[in-house]
Amino acid sequence: MPTEILMPALSPTMEEGTLAKWVKNVGDTVQPGDVIAEIETDKATMEVEAVDEGTLGKILVEAGTENVKVNAPIALLLAEGESESDIGSSSGSEAKSEEPKTATKSDDEPVAQSGDQARSAKTVTPIDERRVPAEGKTHPDVEDDSPFGRDVPEGTEMVSTTVREALRDAMAEELRRDEAVFVMGEEVAEYQGAYKITQGLLDEFGARRIVDTPITEHGFAGLGVGAAFGGLRPVVEFMTFNFAMQAIDQIINSAAKTLYMAGGQMGCPIVFRGPNGAAARVAAQHSQDYAAWYSHVPGLKVVQPYSAADAKGLLKSAIRDPNPVVFLENEILYGHSFDVPKMDDWTVPIGKARIHRKGSDVTIVSWSIGMTYAIKAAEELAKEGIEAEIIDLRTIRPMDMPAIVRSVKKTNRAVIVEEGFPQCSVSGHIASELMVQAFDYLDAPVLKVNGKDVPMPYAANLEKLALPSVKDVIDAVKAVCYRS
Amino acid sequence: MAARQKNSSSGSSNSDKSKPSDKTVDTESGKEIVRTLENFSAPDPAEFSKEEELRAYRDMLLIRRFEEKAGQLYGMGFIGGFCHLYIGQEAVVVGMQMSMKEGDQVVTGYRDHGHMLATGMEARGVMAELTGRRSGYSKGKGGSMHMFSKEKKFYGGHGIVGAQVPIGSGLAFANKYNGTDAVSITYFGDGAANQGQVYESFNMASLWKLPAIYVIENNRYAMGTSVSRASAETDFSHRGLSFKIPGIQVDGMDVRAVKAAGDMAVEHCRSGEGPIILEMMTYRYRGHSMSDPAKYRTRDEVQKMRSESDPIEQVKKRLLENHEMSEDEVKEIDKEVRDIVGDAADFAQNDPEPDPSELWTDVYADEAPQAAE
């Protein structure tokens, strides 16, 4: 049987082209790689190379023919021992306009359709389950109002600990537990940490496991990803997350997407951590909250703790997690002290919110530094007879929407407090989800309190204006409660 | 070819590195140039046994035929998106692979089909990934540029130019951390060699003496931009000098030269000397990707390389002339390779697409047990 030479697709979008010129003629011998014809696409004239060897037996599409469909036979190639008499019937295939058996056909098939169905079904189903990763589902859909958002045995001793100490303790415990864990970053070892989070680690674990890096975020973030591919459990510290923008390609394209791109064969267990958000008087380039950026990306987990107990428990969970975790700390909270349960192995599950304060009139959702405004506002509001329920989200992705929805179904009002910019924000996402998942329970539009939509100014008075404030939260709560 | 010119013009330029001296004279300026890493020079091509020639021939031919078939399937619409073929560069990966041992790791960019076949990944699995089918190495979710095999220590398959260089350095970091004697081989092109993260990686790899071999596949064109139009220093073997990383230029069209350089580099890394750069002077016959009209070079240039320097023809000639093989015996190998590729192509066209439910899997890995829960 002579081999059909088909009209090739020469670009991802080409559907037809012009057969500009035949370079080989009937009777010519053809070797793989020989140019046999020239084809014009909408972009350029391309040369068509032979794939098989043989003799050009018959030309089916003459030079100059326009609008030749991709995959239409354009010539017949005779193999060794075949002659023109073998051509016969196969030339008839020219007329057939068979649908090519390509993988692109499924474009409009089940996937898109089922997605649409699932979307329209969302008003009935409270939660789009596909978007909640495995561990989100393991938490029973019941209210958990324990102060730590998890069980703590009765009589457990509480130790007053700063967030700074809690983070260090978490790393030290995991370094002791697992030899594959190591910490790398700028000034983490000999300097004892730019913010003293890694204080004492070099002394206990040595330079092999506590690694000072050059000031090259892109390079060492990528090197951490490679080390994770190689079986280690890197904890990569960014001096601040502002500098992680240099490394964001490695965090997203290499760390977050590999498990999916590898069909589940290998992933990237790594923690990227460091202070995030506004510190004080360091202006625009050093004051930005990146939660919304990272929480946009499937494959990443994003954690943003407020208390020391959560900082410790969540960092330990993050280090053990088989996925890349972006762990956003806050410089201002580093020195705050909280009770941390004294337990052998204190961990807090990723993806689970915590009810910080119970209340019946309004739900305030916040996390990280935003909690400081929410808590003070709730105290003030209580004096005026408004009892706010505060949810400390703790993890931004996967997001514990069930906890928020449960609370809003009870209070019928919601205010979300976030330090980051307002557009495409975490709070904006929560507000939209509440509209979908709790529409019938809302007695007022959901309001957001964000940092202002400006780069962070340096001047003390302007900086204060740019950040969310207790007053902003109080005003928003009163607005959703229709109180003035 | 640049490497050849270099050899034939030995002594006439400052880049003659065949003499182990720490001083050379720039012929233009007459100034003395001190290069502390000068004593690194490309070793003579390895002497191949008949078995080695046969392995090289078969492995290179498999890549050549596989890529030709991939190009054909692309033309038929079975393969979509981007598809970067490795035709012409086969000696680089095959020669390097012959220097490696079990446990050594490989990472590369998006022109990766040849690297995967060289590490022993199955032609069926690679081709089925190219066609986006469920038996592909990534279940059809990665495609041409994103494939991995933990089993064969192939860590991708990266679509972002240069991103594999810190990753390969991190694999080397893990080897050193774990105290194994494995080395990581990081391939990247003359285009990627200008990326900033490459130099961040060089710095750390040298600082920490990581067992990393950086193989720069200089195929003369970064997409459509020739080396001289994009690079201030076109001798990429010198790119590590500021980081105290030695580098050598290798005739990447001669699989024996690649093997000899690979042996030397592997030995250098395993003995704890830190990283090394191998600049492979090679050539890609096909366009950058399937939709490249290749107007930046002449057909004659390509034909000249094919007819005078083809890596596969070189080995075939030696098999026929030095190892007393007959044309028929060589054809037997050709047939075996064609059968493997034909089988892979059939398989990849008939394998079902991934189940729609696969859309939602592999976004997150299963949770590790939480100790205190």
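## A salt bridge between two chains

The side chains of Arg286(B) and Glu49(A) form a salt bridge, with 2.7 Å from N to O. The term means a side-chain nitrogen of Lys or Arg within 4 Å of a carboxyl oxygen of Asp or Glu. Between chain B and chain A the count is two salt bridges.

This is a predicted model: local features need pLDDT of at least 70, side-chain atom pairs count only at pLDDT 80 or more, and totals for chains, interfaces and linings use all residues. Residues are numbered from 1 along each chain as its sequence is written, chains are lettered from A and ligands numbered from 1 in the order in which they are written, and side-chain values use heavy atoms, leaving out hydrogens and water.

## The interface

Chain B brings 67 residues to the contact and chain A brings 83 residues. Contact means heavy atoms within 4.5 Å. The buried area is about 6,300 Å², and carbon and sulfur atoms give 59% of that. Buried area is the accessible area (1.4 Å probe) that two parts lose on being put together, summed over both.

The rule finds 24 residue pairs in polar contact across the interface of chain B and chain A, both residues at pLDDT 80 or more. A polar contact is a pair of N or O atoms within 3.5 Å; within protein, one must be able to donate a hydrogen and the other to accept it, and residues adjacent in sequence count only if both atoms are side-chain atoms. On the side of chain B that touches chain A, α2 (50-75), α6 (164-178), α7 (196-207), α10 (299-309) and α12 (327-350) each supply at least two residues. α6(B) gives the most, with nine residues.

## An enclosed helix

Which residues of α3(B) are buried? They are Glu90(B), Ala91(B), Val92(B), Val93(B), Val94(B), Gly95(B), Met96(B), Gln97(B), Met98(B) and Ser99(B). Ten of the ten residues of this helix (residues 90-99) are buried, so the helix is largely enclosed by the rest of the structure. Buried means under 20% relative accessible area, exposed over 50%, partly exposed in between (1.4 Å probe, protein chains only). Helices (H or I, at least four residues) and strands (E, at least two) are DSSP runs, numbered from the N terminus.

Ile36(A) is part of strand β4 (residues 35-40) of chain A. Its relative accessibility is 1%, so Ile36(A) counts as buried. Beyond its neighbours within four places in sequence, Ile36(A) is in contact with residues including Trp22(A), Val30(A) and Val48(A).

Ser226(B) sits in strand β7 (residues 225-226) of chain B. Ser226(B) counts as buried because its relative accessibility is 18%.
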